Amino acid sequence: MLVVMPKGQAIEKERMISLYGAELLLVDPCPFANPDHFYHTAKRIGLSAKTVGGRTNLKT
């Protein structure tokens with residue numbers, strides 16, 4: 001699992017995500033209207049991924 005969130009969040013939040021075995025992608029905070037907002041980044045990554053055998057793999 002990949003979690004996308006803005007930089008500057010509580011370190012405890014980052015640690016909990018890692019404890020659950022997820023990969024963490026930190027992005028610069030920006031307004032929601034910006035295409036680089038963490039929500040839009042996560043959506044873009046999700047749409048570019050494909051599911052194979054129950055696992056999500058990024059397209060190359």
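Reply: Let us begin with glutamate 14, which contacts Met5, Gln9, Leu24 and Leu26 when its neighbours within four places in sequence are left aside; contact means heavy atoms within 4.5 Å. The model is predicted: local features need pLDDT of at least 70, side-chain atom pairs count only at pLDDT 80 or more, and totals for chains, interfaces and linings use all residues. Numbering runs from 1 along each chain as its sequence is written, and side-chain values use heavy atoms, with hydrogens and water left out.

Me: Where does glutamate 14 lie?

Reply: Glutamate 14 belongs to helix 1. Helices (H or I, at least four residues) and strands (E, at least two) are DSSP runs, numbered from the N terminus.

Me: What is the nearest side chain of opposite charge to glutamate 14, and how far away is it?

Reply: That side chain is arginine 15, 7.5 Å away. A salt bridge requires a side-chain nitrogen of Lys or Arg within 4 Å of a carboxyl oxygen of Asp or Glu. Glutamate 14, although buried, therefore has no salt bridge. As to charge, Lys and Arg count as positive and Asp and Glu as negative, while His and the chain ends are not counted.

Me: Why is the pairing of lysine 7 and aspartate 28 called a salt bridge?

Reply: The N to O distance between these side chains is 3.0 Å, which lies within the limit, so the term applies. The pair links distant parts of the chain, 21 residues apart: lysine 7 is in the loop between strand 1 (2-6) and helix 1 (11-19), and aspartate 28 in the loop between strand 2 (23-27) and helix 2 (38-47).

Me: What makes aspartate 28 exposed?

Reply: Buried means under 20% relative accessible area, exposed over 50%, and partly exposed in between (1.4 Å probe, protein chains only). Aspartate 28 has 51% relative accessibility and so counts as exposed. Lysine 7, at 43%, is therefore partly exposed.

Me: How is tyrosine 20 classed, buried or exposed?

Reply: Tyrosine 20, in the loop between helix 1 and strand 2, is exposed because its relative accessibility is 69%.

Me: Why are strand 1 and strand 2 said to pair?

Reply: Pairing requires that DSSP finds at least two bridges between two strands. Strand 1 and strand 2 have 5 bridges in the parallel sense, so they pair. Methionine 5 stands opposite leucine 26 in strand 2.
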